[in-house]
Amino acid sequence: MNYYEVSNGVMIYYLPKELDHYAADSLKKKSENVFLEEDIKYLIFDFENTEFMDSSGIGLITGRFRKIYDKGGMVYVINVKPVIDKVLNMSGIYRILCKRDSKEDIINEMIQGGYYE
């Protein structure tokens, strides 16, 4: 399974069913070189398959956020189930990232903002 994809400066993380310490650490290791090799400005965390997340998931998001924020980019979450939304809300993470319903909503924002043509 591919856990991420990169295209035109946009990286999408397809998060696993359980986003715990092991999964978060694995995702970091598998994608670290991408941040060195590609000019990633927009990052999307897709929670479609995620049913559990602990603080390690928050750490993954905030660590990736720092890499994107320094470049003037944006970080998004999509397909967030209520149980995950509650964790994200309680963590206060919505102060630094945007929640959208779908990848298409984000692409439309990028087109309107002049990022995509």
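Predicted model: local features only at pLDDT ≥ 70, side-chain atom pairs only at ≥ 80, totals over all residues.
Which residues does R64 touch, not counting residues up to four places away in sequence? The list reads Y13, K28, S31, E32, F35, L43 and F45, where a contact means heavy atoms within 4.5 Å.

Residues are numbered from 1 along each chain as its sequence is written, and side-chain values use heavy atoms, with hydrogens and water left out.

The protein has 4 helices and 7 strands; these are DSSP runs numbered from the N terminus, with helices being H or I of at least four residues and strands being E of at least two. Read from the N terminus, the order is β-β-β-α-β-β-α-β-α-β-α. The radius of gyration is 13 Å, close to the 13 Å that the globule rule gives for 117 residues, so the protein is as compact as a globular protein of that length. That radius is taken over C-alpha atoms, and the rule is 2.2 Å times the number of residues to the power 0.38. Along the principal axes, the C-alpha trace spans about 35 × 30 × 25 Å.

Of the 117 residues, 43% count as buried. Here buried means under 20% relative accessible area, exposed means over 50%, and partly exposed is in between (1.4 Å probe, protein chains only). As for contacts between residues at least 6 apart in sequence, 71% join residues at least 24 apart. There are 15 positive and 19 negative side chains, and the centres of the two sets lie 5 Å apart. In that count Lys and Arg are positive and Asp and Glu negative, with His and the chain ends not counted; each charge is placed at NZ of Lys, CZ of Arg, CG of Asp or CD of Glu.

Back to R64, which sits in helix α2 (residues 55-69). With 5% relative accessibility, R64 counts as buried. Its side chain makes a polar contact with the side chain of E32, at 3.2 Å. A polar contact is a pair of N or O atoms within 3.5 Å; within protein, one must be able to donate a hydrogen and the other to accept it, and residues adjacent in sequence count only if both atoms are side-chain atoms.

Another buried residue is I12, at a relative accessible area of 6%, and its place is in strand β2 (residues 10-14). Setting aside residues up to four places away in sequence, I12 touches Y3, Y4, E5, I44, D46 and K103.

H21, in helix α1 (residues 21-37), counts as exposed at 57% relative accessibility. Beyond its neighbours within four places in sequence, H21 is in contact with D54 and S56. H21 and M53 are 32 residues apart in sequence and 9.1 Å apart in space, C-alpha to C-alpha.

Most residues other than glycine have a negative phi. N8, though not a glycine, has a positive phi of about 50°; N8 is found in the loop between β1 (4-7) and β2 and is exposed. N79 has a positive phi of about 55°, lies in the loop between β6 (74-78) and α3 (82-91), and counts as partly exposed at 28% relative accessibility.
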